[in-house]
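Colleague: I'm new to reading protein structures. Could you walk me through one?

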Amino acid sequence: MINRKATAIWKGTGKEGTGTISTQSTVLENTQYSFNTRFAEGKGTNPEELVAAAHAGCFAMKLSFELNAAGFTADELNATATISLDPAQGKIVKSAIELKAQVPGISAEQFAQVADKAKKECPISQLLNTEITLNAELVG
């Protein structure tokens with residue numbers, strides 16, 4: 001079993017308060033977050049941005065493993081995940097992955113199958129209870 005952890009500390013009200021997020025690896029160390037960084041534009045991070053980073057990273061790595069299993073090695077996988085939070089519902093309603101990939105020797109059909117499998121099977125995709133879309137493009 002692999003365990004990873006992060007800690008959030010919040011002080012004050014939901015709208016006027018502030019918080020910090022720290023990760024076990026210390027990549028984030030008392031990183032500021034607040035109402036403004038979540039629902040407007042402010043300096044710091046927010047939970048949805050962190051989920052987007054996790055989803056993009058997880059998907060790219062899973063796709064790399066799937067490509068290797070199919071006999072291919074990517075020159076580059078550029079994945080961007082956009083998390084959509086609907087404040088009226090108070091929930092994440094979508095994660096949209098945009099992918100530009102350089103994978104020598106793979107056909108468009110093979111690439112689409114492997115990318116779709118990675119989208120479905122990456123651990124963060126399996127964790128999210130929301131719509132997940134993928135727009136994957138072979139480039140170069």
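This is a predicted model: local features need pLDDT of at least 70, side-chain atom pairs count only at pLDDT 80 or more; totals for chains, interfaces and linings use all residues.

Colleague: Okay, which domains does the protein chain have?

Modeller: Domain bounds come from an automatic or database domain assignment. Here the assignment gives domain 1 (6–39) and domain 2 (47–138). Their centres, taken over C-alpha atoms, are 26 Å apart. Contact means heavy atoms within 4.5 Å, and 5 residues from domain 1 and 5 residues from domain 2 take part in it.

Colleague: How do I read buried area between domain 1 and domain 2?

Modeller: Buried area is the accessible area (1.4 Å probe) that two parts lose on being put together, summed over both. For domain 1 and domain 2 that comes to about 390 Å², with carbon and sulfur atoms giving 78%. On the domain 1 side, Ile-21, Arg-38 and Phe-39 supply 76% of the area buried against domain 2, more than any other three residues.

Colleague: And how many salt bridges cross the interface of domain 1 and domain 2?

Modeller: A salt bridge is a side-chain nitrogen of Lys or Arg within 4 Å of a carboxyl oxygen of Asp or Glu. The rule finds 1 across this interface. Arg-38 also forms a salt bridge with Glu-48, with the closest N and O atoms 2.6 Å apart.

Colleague: What about disulfides: how many does a search of the whole structure find?

Modeller: A disulfide is a pair of cysteine sulfur atoms within 2.5 Å. The search finds 0. Take Cys-58: the nearest cysteine sulfur is that of Cys-122, 3.3 Å away, and Cys-58 is in no disulfide.

Colleague: Is Cys-58 buried or exposed?

Modeller: Buried means under 20% relative accessible area, exposed over 50%, and partly exposed in between (1.4 Å probe, protein chains only). Cys-58 has 17% relative accessibility, so Cys-58 counts as buried. Cys-122 is buried too, with a relative accessible area of 0%.

Technical notes. Residues are numbered from 1 along each chain as its sequence is written. Side-chain values use heavy atoms; hydrogens and water are left out.
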